[in-house]
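Please consider the following note alongside the model.

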Amino acid sequence: MSMSKTTNTYNRQNWEDAEFPILCQTCLGDNPYVRMIKERFGKECKICTRPFTIFRWCPGARMRFKKTEVCQTCARLKNVCQTCLLDLEYGLPIQVRDAALKVADNMPQSDVNKEYYIQNIDAQLQDGDGTEAAGTVGRSLAANEMLSKLARTAPYYKRNRPHICSFWVKGECKRGEECPYRHDKPNEPDDPLCEQNIKDRYYGRNDPVAEKIMKRAASLPTLEPPEDRNITTLYVGNLPEEITEPEIRDQFYQYGEIRSIALVPRQQCSFVQYTKRNAAELAAERTFNKLVIQGRKVSIKWAHSQAKQSTAAKTDRRFDVAGIPPPSAKPNDYFNLRQEQINVMPAGMKLHQLPSNLVPASAYQMYAQPTFAAPYSGLPSSGNSGAALAPNSTTTSTSGVNLDSIPPPPGQMPYPSQDASRMGAIKK
């Protein structure tokens, strides 16, 4: 049994004896059949230095054993867990909670004043049922927006892992898998989280974990109201599929008079329009990142203005590519042809009925290349060309030119596709 160094034997009646500790869900663990070791007046409280009943237990498999660090009076004075000293309601450090609730810590620091203060707190707690916080914190606990955003709602069992094996870090651990400590890389020595003090955590000063959380709170997104004061409509997204308009009205009517509610079930959203801008701003402030409907967190945004918007000049997103000619000024000119190269065929006329004046001279330029033989130019006309045709057949174009007088190309045709008769040049 521990003996207090600051209290005499006549003060032994103020020593604390309890039947069960005050713990958070994380420290207690996920095992519903947890077994604890109880020792009456086993250690001194690390805050008030009074002997108290300590409890020791293992929160789960492959976890380290944990024990209570402060007495129940000090824990109820700050509404914290006896082991991790985090707030029981929000799971946050005391420094963060006190800063959000604007609670001033006036607990005495000297030994004599602290002992007298604790005795008065014990007298106040005897009148209650033991489930309420004492002191300034007990009177200040109320719903807070920042605390609700930062609160840890689920247990964080990773905090119960064993400590890092110092022999493994030096490369001298010979236990292997049987080692009860964790074989993992330690944090950097310059990491501020490596220097944590239980008294700083309790009094809410110089807590590195609290500073980290408060930096994260400062970077949380906020919903800024639009500059147009005529906008009084809020966009409500991520709604449940079976939600109805009365359910949405029940969530938003408390902030001001509602003009209309437009529900869009297919998009799972709605538009809530207020009659006044102040009511819309209040609703946006109270519901942004906080509203939960049927177990789903609803997204809140300001709706866009439906006023007439000035027509902005359309930007030309086309750009020049090397090797590609610039686009033509005519939208239907897909081949970048010149005006003299474009001829329109009259309605009802076939290709072989085209007069010679409609066929451009550029169409015969392919035969003027030096690598190809010109089958129809520079050759004398011969009357034997019609021998291959029937005696009574005559081939005449619409311009009066007898196509039978065109001589065949010299030499043998290398490809059947070059036969003029098969390409429709000769009318049979």
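1. The model is predicted: local features need pLDDT of at least 70, side-chain atom pairs count only at pLDDT 80 or more, and totals for chains, interfaces and linings use all residues. Residues are numbered from 1 along each chain as its sequence is written, and side-chain values use heavy atoms, with hydrogens and water left out.

2. Helix α4 covers residues 111-125 and has 15 residues; helices are DSSP runs (H or I, at least four residues), numbered from the N terminus. From first C-alpha to last, α4 reaches 21 Å, close to the 21 Å expected at 1.5 Å a residue, the expected span being 1.5 Å times one less than the number of residues.

3. Lys114, Ile118, Ile121, Asp122 and Leu125 of α4 are buried (under 20% relative accessible area, with a 1.4 Å probe and protein chains only). These buried residues line one face of α4, because they fall within an arc of 105° seen down its axis; the arc is that of the directions from the helix axis to the C-beta atoms. Their cover includes α2 and α8 (198-203). On the face turned away from the buried side, Val112 and Tyr116 are exposed (over 50%).

4. Asp87 belongs to the loop between α2 (72-78) and α3 (94-101). Asp87 is buried, at a relative accessible area of 2%. Beyond neighbours within four places in sequence, its contacts (heavy atoms within 4.5 Å) are Lys78, Asn79, Val80, Leu92 and Arg97.

5. An unreviewed UniProt entry places the feature "domain: C3H1-type" at residues 159-186; such annotations may be inferred rather than shown by experiment. In the model, this span is 14% helix and 0% strand, and its end C-alpha atoms lie 15 Å apart.

Conventions: Helices (H or I, at least four residues) and strands (E, at least two) are DSSP runs, numbered from the N terminus.
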